[in-house]
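The entries below follow the order in which I looked them up.

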Amino acid sequence: MPWRMGVDVGGTFTDIFLLDEAGGRTLTMKLSSTPDDPSRAIVSGATDLLGLHEIRPQQLAYLAHGTTVATNTILQRAGARVGMLTTAGFRDLLEIGRQKRPRVYDLFADKPLVLVPRHLRKEVKERVAFDGTVLADMKLPAVKKLVQQLCSARIDALAICFLNAYANPVHEQQAKELVRELNPKVYLSVSHELTSEFREYERFLTTVLNAYVGTTLDDYLTNLQRSLRRSGIRATPHIIQSNGGLMSIRAAANAPIRTVLSGPSAGVVGAVHVGRQAGLRNIITLDMGGTSTDVSLVKDARPSMVSAQQLAGYSLRLPTIAIHTIGAGGGSIAWIDDAMGFHVGPSSAGAMPGPAVYGLGGERLTVTDANVLLGRLNQEALLDGAMPIYRTLADKAVAPLAKTLKLSEERTAAGVLQVIVSAMVRAVRVISVEKGEDPRDFALMAFGGAGPLHATAVAKQLGMRTVCVPQAPGLLCSMGALLAVPTMEYSRTKVIGAGEELTVFLDTDRVSRSELLQAVTRFHQEHAKQFGYSSPEDDVQVVTCRVVATGVAAELESPLLAARPGKPVARETRPVYFEITGKWLDCPVFRREELGSGATLEGPAIVEQLDATTLLYPDDAAIVDEYGNILITVAVEQAEADDNA
């Protein structure tokens with residue numbers, strides 16, 4: 001009986017989702033991440049879950065996972081020592097960039113660190129025109145000397161970035177072959193193999209970033225495969241790409257930059273699946289974990305896609321799901337600056353030492369500590385008793401902040417949650433209001449370990465009426481890994497006037513002239529929506545052609561929940577502080593597994609489960625659908641909703 005496994009490695013927890021291909025049975029596990037070596041948590045969690053249910057490692061036929069290794073390498077500036085070969089005259093392009101300041105009105109804002117020192121950037125005398133015509137041949141003996149100089153400088157990786165290589169990669173190919181002969185151990189990143197599109201700065205930067213993370217991800221993947229083999233697991237792991245599709249280990253090793261939004265993209269894939277089940281085709285995802293919150297907009301059951309993405313100030317020229325990430329998670333630390341400004345995050349306590357209440361050495365107040373102080377999280381343990389909670393440590397962590405702010409401890413804790421919710425509201429506005437979409441036209445899909453705890457507060461401020469909490473919200477990213485399909489996207493820059501006829505073949509289908517003209521009309525409509533104006537009388541250019549090849553999606557048949565209509569019985573009642581009332585209210589606490597299809601809840605209420613806690617505010621109402629999703633109707637005053645939209 002074969003099993004499929006999906007894994008999501010987060011900054012605080014590693015989540016595992018196991019599916020029986022034959023019977024549809026699902027098993028789950030959540031354990032602390034191991035930041036020093038993420039593969040340790042994957043292997044130990046997988047073997048423990050298989051052993052717990054007496055499943056032989058050989059029965060695991062498929063394994064897909066989202067990884068944060070590439071992302072963290074960039075964020076922590078812990079990548080390889082990179083050298084660069086580029087066209088003569090373009091040595092300083094990485095520093096010149098687009099000549100834009102990170103923040104327009106901040107004259108002292110620093111640009112991101114240039115990842116290749118100037119002395120490791122070597123100029124090659126060669127030239128290719130925009131149409132691919134070779135204007136100046138490349139002299140291989142001269143290139144050989146430059147490569148030898150870089151190798152003598154002990155580079156770990158080499159980025160090859162020539163002007164207009166997207167139109168004709170012949171010189172990049174020749175340089176690559178030469179480097180392979182001279183130093184087969186150096187990690188190679190070649191621009192045309194990553195993106196065959198114009199805009200030289202973004203293409204060069206993407207190539208450099210790929211080289212920067214290449215050796216780290218390659219070591220990680222090698223170690224993961226070795227550890228899985230030692231544990232008896234023979235399934236070859238696949239990796240989630242930033243576009244939500246799967247890629248092989250080999251493809252990930254060659255293009256690790258495609259994994260920078262690996263985990264969050266898997267969450268969006270899972271959210272689309274749950275949305276379809278719940279009859280919600282227009283959703284905004286709110287994925288709040290231990291270190292960050294990721295938001296994305298899904299319209300008509302299709303994730304928003306972009307051809308470029310920003311990460312830590314760097315511009316990536318790769319197709320990705322449009323995900324906006326902020327440093328707001330359960331482990332986000334509250335702090336006061338020199339001007340007495342109150343902040344939460346982006347620094348996080350992470351998995352180690354974690355929030356103070358975990359008792360692992362954390363001493364600073366975090367979002368999780370604030371939720372414990374206000375009664376919103378279980379006062380004794382999380383993860384169904386596997387993680388003890390030490391309430392007294394939260395009291396100790398909040399005391400110095402409360403004293404400095406001259407507020408009560410409960411008001412200080414409530415302030416932490418208000419700040420973090422405001423940050424998430426701003427993030428949702430970035431992907432909705434700033435793109436011409438009204439968030440009130442969407443449901444909020446809350447997942448991640450901390451998402452359902454804060455979703456109703458976010459929805460209230462945005463005037464959103466519906467919040468959907470999946471049956472396993474804290475494990476949705478790992479479930480999404482099972483739903484992802486092998487996907488490869490190829491693009492090629494070709495500037496063509498849209499009055500021209502353009503035919504693109506996809507299988508047996510053809511895009512005709514009339515369909516192209518319709519696309520131009522949709523372009524003007526989308527331009528008006530996003531930017532407030534359009535110019536239909538102006539010509540439009542087709543600049544890039546894209547082809548996307550996808551595999552067949554896995555069938556994930558969710559068993560229907562047994563019907564238990566009416567009001568369920570609460571396990572307990574505990575006082576919870578709500579900032580909208582400024583009071584402690586007696587709040588019934590329910591167990592998620594005891595809620596059947598048709599069960600109804602009235603706020604205030606708390607629903608606890610292994611991987612998350614869901615909070616209903618006063619006057620909110622909820623019903624459980626046949627798939628186990630909690631559909632919350634948010635109590636929003638119309639006047640307030642109009643003001644916030």
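**Entry 1: helix α11.** In this predicted model, I looked up helix α11, which covers residues 391-405. I noted that α11 has 15 residues. From its first C-alpha to its last, α11 reaches 21 Å, close to the 21 Å expected at 1.5 Å a residue.

I then checked the course of α11 and recorded a kink of about 30 degrees at Ala399. The kink lies shortly before the proline Pro400. After the end of α11 comes Lys406, and I noted that its phi is positive, near 60 degrees.

**Entry 2: the buried residues of α11.** Which residues of α11 are buried? I listed Ala394, Ala397, Val398, Leu401 and Ala402. An α-helix has 3.6 residues a turn, so residues three or four places apart point the same way. I found that the buried residues of α11 pack against the strands β21 (332-336) and β22 (342-348), and against the helices α10 (367-373) and α12 (409-431).

**Entry 3: cavities.** I searched the whole structure and found 2 cavities of 30 Å³ or more.

The largest cavity has a volume of about 50 Å³. Its lining includes Gln241, Arg258, Leu316 and Pro319. By class, I recorded 5 nonpolar, 4 polar and 1 charged residues in this lining.

For the second largest cavity, I noted a volume of about 40 Å³. Among its lining residues are Gln225, Leu228, Arg229 and Pro237. Helix α7 (residues 200-230) gives the most to this lining, with 3 residues. I recorded the classes here as 4 nonpolar, 2 polar and 2 charged.

Note on methods:
Residues are numbered from 1 along each chain as its sequence is written. This is a predicted model: local features need pLDDT of at least 70, side-chain atom pairs count only at pLDDT 80 or more; totals for chains, interfaces and linings use all residues. Side-chain values use heavy atoms; hydrogens and water are left out. On a 1 Å grid over the protein atoms alone, a cavity is a set of points where a 1.4 Å probe fits but cannot get out, and a pocket is an open set with protein on both sides within 12 Å along at least five of seven lines; lining residues have an atom within 4 Å of a point. Grid points are joined across faces, edges and corners, and a volume is the space filled by probe spheres set on the points. Ala, Val, Leu, Ile, Met, Phe, Trp, Tyr, Cys and Pro count as nonpolar, Asp, Glu, Lys and Arg as charged, and the others, Gly among them, as polar. Helices (H or I, at least four residues) and strands (E, at least two) are DSSP runs, numbered from the N terminus. The expected span of a helix is 1.5 Å times one less than its number of residues. The bend at a residue is the angle between axes fitted to the seven residues ending there and the seven starting there. Buried means under 20% relative accessible area, exposed over 50%, partly exposed in between (1.4 Å probe, protein chains only). Contact means heavy atoms within 4.5 Å.
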